[in-house]
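Dear colleague,

Please find the structure below, handed over for your records.

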Amino acid sequence: STVGSARIIGPIVELYGTKPQSLAFVGTTTPSKDVSASLNALRALKSKISAIDADFVIVNTDGWVQGDEAIDHKRQLVELFGPRRIVAIQEADELGPLLEKLESADAITVESSRAARKRGHDTRKSLREIVFRRYLKNGKVRSYPLNLVRGTAGIVEPVHANDLSPSVHKERTSTERDENRKGTIVGLDDDKGDFLGIGIICSVD
């Protein structure tokens, strides 16, 4: 439900476990559920990355690559970051339709490593739940007057993370009554709009 950036100063095996320098809240576990939120979060990250003195920047994109909407989303990512080179890691020619739409970009294709670990939907879901529980394990309850909370009509807008289990998150829609928002995961920003962390709504009175 977040995107982040990290500065790498040495060899790593995988990105999982790296310490992020900046984070932005999206509210979904895949951009297919809210393309606008995903792109807005990435724009916020880009502005911070631009201020970092780095030799080069690698944008690790998501795995949503099938269908017209996915292709358009990747096209918007290319327009946003303006990469010098696109590295398409694929099996067979699965990214062919996508690369055809990005013909103006300099792209190279690489076959997926046989040593790469493949994680199915259930495995990725379980890992997300573990991370959420670990993050929120020592959380503290805080109460805030609604008139001090920024959001639509003074109400914190819910997120839509369908892939989280009911024990961690229950999907809400903005039309539901406020008391039914219990269990909703929200992103917490400071008064400047910088991301502070995530929380869970216990109740709305």
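Arg133 counts as partly exposed, at 43% relative accessibility, where buried means under 20% relative accessible area, exposed over 50%, and partly exposed in between (1.4 Å probe, protein chains only). Please note that this is a predicted model, in which local features need pLDDT of at least 70 and side-chain atom pairs count only at pLDDT 80 or more, while totals for chains, interfaces and linings use all residues. Residues are numbered from 1 along each chain as its sequence is written, and side-chain values use heavy atoms, with hydrogens and water left out.

The side chain of Arg133 meets that of Glu129 in a salt bridge (3.8 Å, N to O); the term denotes a side-chain nitrogen of Lys or Arg within 4 Å of a carboxyl oxygen of Asp or Glu. Arg133 and Glu129 are four residues apart in helix 4 (residues 121–136), so about one helical turn separates them. Glu129 counts as buried, with a relative accessibility of 11%.

A search of the whole structure finds six salt bridges. One of them is formed by Lys48 and Asp194, whose closest N and O atoms are 3.5 Å apart. Lys48 belongs to helix 1 (residues 35–49) and Asp194 to the loop between strand 5 and strand 6, so this pair ties together parts that are 146 residues apart in sequence. Both partners count as partly exposed: Lys48 at 30% relative accessibility and Asp194 at 31%.

Another salt bridge joins Asp62 to Lys74, with 2.9 Å between the closest N and O atoms. This pair links distant parts of the chain, Asp62 being in the loop between helix 1 and helix 2 (68–81) and Lys74 in helix 2, twelve residues apart.

**Overall arrangement**

The chain contains four helices and six strands. Both kinds of element are DSSP runs numbered from the N terminus, helices being H or I of at least four residues and strands E of at least two. From the N terminus on, the order of the elements is β-β-α-α-β-α-β-α-β-β. The chain has 205 residues, of which 27% count as buried.

**Contacts across the sequence**

The structure holds one aromatic pair. Its members, Phe25 and Phe195, are stacked, at 6.3 Å centre to centre and 5° between the planes. For this term, rings of Phe, Tyr and Trp (its six-membered ring) pair if their centres lie within 6.5 Å; planes under 30 degrees apart count as stacked, over 60 as edge-to-face and the rest as tilted. The pair links distant parts of the chain, with Phe25 in strand 2 (residues 22–25) and Phe195 in strand 6 (residues 195–200), 170 residues apart. Phe25 is partly exposed, with a relative accessible area of 22%, while Phe195 counts as buried at 17% relative accessibility.

Gly193 is located in the loop between strand 5 (185–189) and strand 6, and counts as partly exposed at 47% relative accessibility. Gly193 and Ala44 are 149 residues apart in sequence, yet 9.7 Å apart in space, C-alpha to C-alpha.

**Surface patches**

Patches are made of residues with over 30% relative accessible area and no salt bridge, like charges being joined within 9 Å and nonpolar side chains (Val, Leu, Ile, Met, Phe, Trp, Tyr) within 5 Å. Accessible areas come from the Shrake-Rupley method with a 1.4 Å probe, and for residues only the protein chains shown count as cover.

Val87, Ile89, Ile108 and Val110 form a nonpolar patch on the surface, together having about 320 Å² of accessible area. Strand 3 (86–90) and strand 4 each supply at least two residues of this patch. Ile89 lies in strand 3 and counts as exposed, at 54% relative accessibility.

A patch of negative charge on the surface gathers Asp93, Glu94, Glu100, Glu103 and Glu111. In charge terms, Lys and Arg count as positive and Asp and Glu as negative, with His and the chain ends not counted; the place of a charge is taken as NZ of Lys, CZ of Arg, CG of Asp or CD of Glu. Glu111 lies in strand 4 (residues 107–111) and is exposed, with a relative accessible area of 51%.
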